[in-house]
Amino acid sequence: MLTAEDALPLRPSRVLIAGVTGSGKTTLARRLAVIWNLRHVELDALFHGPEWTPRPEFLDDVRAFAADERWITEWQYTSRGTEAVLAPRAELVLWLDYPYRVVRTRLVRRTVARQVLRTELWNGNRERGISNMFRRDPEENLLLWQTRTLHKWTERMPDVERRHPHLTIVRFRHPRETERWLARLAVADS
């Protein structure tokens with residue numbers, strides 16, 4: 001596993017970004033898609049149908065874009081079969097392993113902003129409401145979901161390394177590390 005200070009062994013064509021809800025996976029994917037000229041596919045947009053119902057075509061859509069030569073996406077929905085499709089094709093995993101206070105602040109800020117602005121997300125869906133942040137069901141409450149899954153990648157990553165030794169994994173422990181790494185990429189690409 002590499003750190004933010006290590007040089008990448010290759011310029012990747014297929015990238016996964018891992019991290020807890022609210023860590024900034026999609027934002028980083030969008031930024032890197034521009035830098036590396038990769039197609040960004042947002043898994044939430046493929047998964048969520050109208051009224052937040054899971055789309056039955058989800059895994060077929062994942063298989064279709066994973067077959068392409070150049071892409072970047074958020075690594076989520078592993079319990080829905082995405083690991084078996086994406087990990088064998090990916091070359092690089094960027095792991096946003098940020099402190100709790102950072103990811104919690106980001107999640108609250110994002111959720112409130114989306115609710116206040118009535119931002120349309122995927123397939124006509126909008127944030128379910130700030131009141132959902134106080135529900136007891138983690139499927140409905142993003143804060144509980146984040147708390148429940150906070151250490152998921154820490155627990156899973158050793159197994160990911162063992163089962164997918166071809167993957168280069170870079171672990172970022174704070175957004176400042178990620179920003180310094182991105183700055184070095186920009187200099188290297190200029």
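D68 counts as partly exposed, because its relative accessibility is 30%. Here buried means under 20% relative accessible area, exposed means over 50%, and partly exposed lies in between, with a 1.4 Å probe and protein chains only. This is a predicted model: local features need pLDDT of at least 70, side-chain atom pairs count only at pLDDT 80 or more, and totals for chains, interfaces and linings use all residues. Residues are numbered from 1 along each chain as its sequence is written, and side-chain values use heavy atoms, with hydrogens and water left out.

D68 has a charged partner. It forms a salt bridge with R39, and the closest N and O atoms are 2.7 Å apart. A salt bridge is a side-chain nitrogen of Lys or Arg within 4 Å of a carboxyl oxygen of Asp or Glu.

Now turn to R156 and E83. Their side chains meet in a salt bridge at 2.1 Å, N to O. R156 lies in helix α7 (residues 152-163) and E83 in helix α4 (residues 82-86), so the pair ties together parts that are 73 residues apart in sequence. R156 is buried, with a relative accessible area of 17%. E83 is buried too, at 8%. The pair belongs to a network of salt bridges that links E83, R156, D159, R162 and R163.

A further pair is D97 and R171. Their side chains form a salt bridge, 2.6 Å from N to O. D97 is in the loop between β5 (92-96) and α5 (100-117), and R171 is in strand β6 (residues 168-172). These are distant parts of the chain, 74 residues apart. Both D97 and R171 are buried. Over the whole structure, a search finds 15 salt bridges.

At 7% relative accessibility, F47 is buried. Its C-alpha atom is separated by 5.3 Å from that of F58, 11 residues away along the chain. Leaving aside neighbours within four places in sequence, F47 is in contact with T53, P54, R55, F58, Y77 and R80. Contact means heavy atoms within 4.5 Å.

Step back to the whole chain. It has eight helices and six strands. Helices (H or I, at least four residues) and strands (E, at least two) are DSSP runs, numbered from the N terminus. From that end, the order is β-β-α-β-α-α-β-α-β-α-α-α-β-α. Among contacts between residues at least 6 apart in sequence, 70% join residues at least 24 apart.

The overall dimensions come next. Along its principal axes, the C-alpha trace spans about 45 × 35 × 35 Å. With 190 residues, a compact globule would have a radius of gyration near 16 Å, and the chain agrees at 16 Å. That radius is taken over C-alpha atoms, and the globule rule is 2.2 Å times the number of residues to the power 0.38. Of the 190 residues, 48% count as buried.
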